[in-house]
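Hi,

Here is the structure I said I would pass on.

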Amino acid sequence: MPLKTRFRSSKLYISALLPIGLGFAVGILSAVMGIGGGFVLVPAMIYTLGMPTAMVPGTSLLQIIFVAANVTFLQAYTNGTVDAVLAMVLLVGGVLGAQLGTRFGTRLRGEQLRFLLAVLVLAVAGKLAFDLTVRPASLYVVMMGSG
């Protein structure tokens with residue numbers, strides 16, 4: 001492929017078109033489904049780009065900062081679908097969890113990180129399959145919010 005580029009930190013020599021395409025797909029998923037992209041990006045960087053597993057979390061998080069900020073602005077401006085108060089409360093938990101996760105993650109080998117990711121992906125897939133196949137107790141439920 002054209003545009004071969006050397007990415008020194010991750011020791012990759014690949015076409016820049018591959019990570020651009022991957023980032024494009026993650027941007028679409030972030031905007032449409034509200035996912036940060038890491039759920040798709042992390043396995044893709046490991047298995048498609050061939051990045052060392054230890055480099056993936058930081059690289060993924062750095063690019064997600066900018067994608068998520070852009071998508072958040074667009075969602076808030078275009079659709080008005082951002083609950084800023086709830087986001088701030090979630091942010092507190094996320095920042096605290098990141099402190100623990102960073103310490104924990106640096107103690108794990110690449111194989112262990114990939115195993116944890118696989119367990120997470122399978123758990124989410126299992127929950128989705130369960131929700132799609134099990135008949136709910138009530139087909140029609142109207143939820144009443146407070147306030």
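Predicted model: local features only at pLDDT ≥ 70, side-chain atom pairs only at ≥ 80, totals over all residues.

The largest pocket holds about 760 Å³ of space. Its lining is made by 23 residues, and Val42, Pro57, Leu61, Gly101 and Leu113 are the closest to its centre. If you want to find it by helix, go to α2 (38–47), α3 (56–79), α4 (84–105) and α5 (110–133), the elements that each give two or more residues to that lining. By class, the lining has 15 nonpolar, seven polar and one charged residues.

The second largest pocket comes to about 650 Å³. Here 20 residues form the lining, with Gly34, Ala68, Ala69, Thr72 and Ala87 nearest the centre. The elements giving two or more residues are α1 (17–33), α3 and α4, and α3 gives the most, with seven residues. This lining divides into 14 nonpolar, six polar and no charged residues.

The elements with two or more residues in the patch are α2 and α5, and α5 has the largest share, five residues. Val40 sits in helix α2 and counts as partly exposed because its relative accessibility is 32%, between the 20% and 50% limits.

Now the salt bridges: the count is three. Two of them involve Glu111. Glu111 pairs with Arg109 at 3.3 Å, N to O, and with Arg114, where the closest N and O atoms are 4.0 Å apart. That links Arg109, Glu111 and Arg114 in a network of salt bridges. Arg114 and Glu111 are three residues apart in helix α5, so about one helical turn separates them. As for accessibility, Arg109 counts as exposed at 51%, whereas Glu111 is partly exposed at 46% and Arg114 is partly exposed at 25%.

The other bridge joins the side chains of Asp131 and Lys127, at 2.9 Å from N to O. These two are four residues apart in helix α5, so they too are separated by about one helical turn. Asp131 is partly exposed at 42% relative accessibility, and Lys127 is partly exposed at 48%.

That's what I have for now.

Cheers

Definitions and conventions:
Residues numbered from 1 in each chain as written. Heavy atoms only, no water. 1 Å grid on protein atoms, 1.4 Å probe; cavity = no way out; pocket = protein on both sides within 12 Å on 5 of 7 lines; lining within 4 Å. Points joined across faces, edges and corners; volume = space filled by probe spheres on them. Nonpolar A, V, L, I, M, F, W, Y, C, P; charged D, E, K, R; others polar. Buried < 20%, exposed > 50% of the residue type's maximum accessible area, 1.4 Å probe, protein only.
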